Amino acid sequence: MAIRCSYCSKFVSVDPCSLYDADLDIGIDNDGNVFAVVTGELQCAECGNPILEAEVEEKQTIDFTHDSGCDDPDLDVIDGKIESVDEGKTPITKNKMYIVWVMATIECASCGAKKTVGLDVKMPLSEFGEY
Ligand SMILES: [Zn+2]
Ligand SMILES: [Zn+2]
């Protein structure tokens, strides 16, 4: 896959590009699932400007154990960050995919119990659009 960069007007291949400047939005939705929204950019290999971007959301149910006597469960993400970014292939098309590994620490404000969960957010190259 190659596109014309709107900054330097060169045709650049996006396959070797690394995901950079990935942003994370993490929290707990109304259904009690933890969600992670990752926004990432691919950079032009010639001039370094962002040429493609994508936003992908991943959700996961939380298997949480409260301390005994917790009568008002109130979960929140107290710490969430992108741990690492790997590169893989999508199962069917074998196109390139970025796998963003997110770690989140969830705490119950009521009983103080904590749990750390991991989510892998998969960003196939096909999800990326013009910047
Ligand atoms: Zn460029
Ligand atoms: Zn609790």
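A residue counts as buried if 20 or more other C-beta atoms lie within 10 Å of its own, as exposed if 12 or fewer do, and as partly exposed in between, with C-beta atoms placed from the backbone. Strands (E, at least two residues) and helices (H or I, at least four) are DSSP runs, numbered from the N terminus.

The legends below describe a predicted model, in which local features need pLDDT of at least 70, side-chain atom pairs count only at pLDDT 80 or more, and totals for chains, interfaces and linings use all residues. Residues are numbered from 1 along each chain as its sequence is written, while chains are lettered from A and ligands numbered from 1 in the order in which they are written.

View 1. The chain has zero helices and nine strands. Along the sequence its pattern reads β-β-β-β-β-β-β-β-β. The radius of gyration is 18 Å, well over the 14 Å that the globule rule gives for 131 residues, so the chain is more spread out than a compact globule. That radius is taken over C-alpha atoms, and the rule is 2.2 Å times the number of residues to the power 0.38. The C-alpha trace spans about 65 × 30 × 20 Å along its principal axes. Of the 131 residues, 17% are buried.

**View 2. The two faces of β4.** The covered face of β4 holds Val-34, Ala-36, Val-38, Gly-40 and Leu-42. On the uncovered face sit Phe-35, Val-37, Thr-39, Glu-41 and Gln-43.

**View 3. The four-strand sheet.** This open sheet has the order β3-β4-β5-β9, with antiparallel pairing. Two strands pair if DSSP finds at least two bridges between them. Eight bridges link β3 and β4, and Ile-28 has Val-34 in β4 as its bridge partner. Ten bridges link β4 and β5, where Ala-36 partners Glu-58 of β5. Two bridges join β5 to β9. Leu-52 stands opposite Glu-130 in β9.

**View 4. Glycines in two hairpins.** The hairpin of β3 and β4 has five residues between its strands, and Gly-32 there takes a positive phi near 85°. In the hairpin of β4 and β5, six residues lie between the strands. Gly-48 takes a positive phi near 85° in that hairpin.

**View 5. The three-strand sheet.** A further open sheet runs β6-β7-β8, again with antiparallel pairing. Neighbouring strands here are turned by 20° against each other on average, direction ignored. Axes are lines fitted to C-alpha atoms, for helices over the stretch in contact, and angles run from 0 to 180 degrees between N-to-C directions. β6 and β7 are joined by 13 bridges. Asp-86 has Ile-99 in β7 as its bridge partner.

**View 6. The largest nonpolar core.** A nonpolar core is a set of buried Ala, Val, Leu, Ile, Met, Phe, Trp, Tyr and Cys residues joined through C-beta atoms within 7 Å. The largest has 21 residues, of which Leu-42, Val-100, Val-102 and Val-121 touch the most other members. Two or more residues come from each of β3 (19–28), β4 (34–43), β5 (50–60), β7 (96–108) and β8 (114–124). β7 gives the most, with five.

**View 7. Around Val-121.** Leaving aside neighbours within four places in sequence, Val-121 is in contact with Ala-36, Val-38, Val-56, Glu-58, Val-100 and Val-102. Contact means C-beta atoms, placed from the backbone, within 7 Å.

Methods:
Contact = placed C-beta atoms within 7 Å.
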